[in-house]
Every structure is written in structure tokens, then in C-alpha cells.
Amino acid sequence: MRSMDKKLLVGAAAGALLFAGAAKAETDTVNIAQQFGLLYVPLHVVMDQKLVEKHAKKAGIPVPKMKMFK
């Protein structure tokens, strides 16, 4: 790698770490758009079995409200 490429890579990594900490936000509602197709089957399983609620309780965090848009 050239010196300029290394500096750019290190700068990008530092910027990503800097903004990763600032991107924390809390919400009590999760909005999900309903989609159809095989790629969305895992999402339908998560919603059907209420896995978000289950794991939120297990982690000791407040259970979010789930809104499914059709």
C-alpha cells in the first residue's frame, strides 16, 4: 500500500469510530414495512414468534412497540 492510501484508511477508520459512538439513539417503537418474497421470510418468522420482544426481555431492556406497515 502506498503511504497516502494508508493515511486515508486510518483516517476513515478513525472517523467511523468517532461517529459510531455519537449514533446512539433510543426509541420505544420499531417500524417495519411488510415485504413479500423469500428474502423476507426471516423477518416474518421474527414477527410471528415475537423474537424481538423475547430477546428484549432476556436482555433486560424495555420491550419496544412493533408496528408493521402493509
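These are legends for a set of close-up views of a predicted model.

View 1. Reading from the N terminus, the elements go α-β-α-α-β. The chain has 70 residues, and 6% of them are buried. Take the contacts with a separation of 6 or more: 53% of them join residues 24 or more positions apart.

**View 2. Lysine 65 and aspartate 28 meet in a salt bridge.** The N to O distance between these two side chains is 3.3 Å. Distant parts of the chain are linked here, as the partners sit 37 residues apart. Lysine 65 belongs to strand 2 (residues 65–69), while aspartate 28 is in the loop between helix 1 (3–22) and strand 1 (29–33). Is aspartate 28 buried, partly exposed or exposed? Aspartate 28 counts as partly exposed because its relative accessibility is 46%. As for how many salt bridges there are, the count comes to one.

**View 3. Glutamate 53 is buried yet has no salt bridge.** Look for this residue in helix 3, which covers residues 51–59. Which side chain of opposite charge is nearest to glutamate 53? That would be lysine 50, 5.1 Å away, and a salt bridge needs the nitrogen and the carboxyl oxygen within 4 Å. Leaving aside residues up to four places away in sequence, glutamate 53 touches Val63 and Met66.

**View 4. Leu38, Val41 and Val45 make a nonpolar patch on the surface.** Together, these three residues have about 290 Å² of accessible area. Valine 45 is found in helix 2, residues 41–48. With a relative accessibility of 37%, valine 45 counts as partly exposed.

**View 5. Valine 46, another residue to look at in helix 2.** The relative accessible area of valine 46 is 25%, so this residue is partly exposed. For the cut-off, buried would mean under 20%. What does valine 46 touch, once residues up to four places away in sequence are not counted? Its contacts are Leu51 and Val52.

Conventions. Residues are numbered from 1 along each chain as its sequence is written. This is a predicted model: local features need pLDDT of at least 70, side-chain atom pairs count only at pLDDT 80 or more; totals for chains, interfaces and linings use all residues. Side-chain values use heavy atoms; hydrogens and water are left out. Helices (H or I, at least four residues) and strands (E, at least two) are DSSP runs, numbered from the N terminus. Buried means under 20% relative accessible area, exposed over 50%, partly exposed in between (1.4 Å probe, protein chains only). Patches are made of residues with over 30% relative accessible area and no salt bridge: like charges are joined within 9 Å, nonpolar side chains (Val, Leu, Ile, Met, Phe, Trp, Tyr) within 5 Å. Accessible areas come from the Shrake-Rupley method with a 1.4 Å probe; for residues, only the protein chains shown count as cover. Contact means heavy atoms within 4.5 Å. Lys and Arg count as positive and Asp and Glu as negative; His and the chain ends are not counted.
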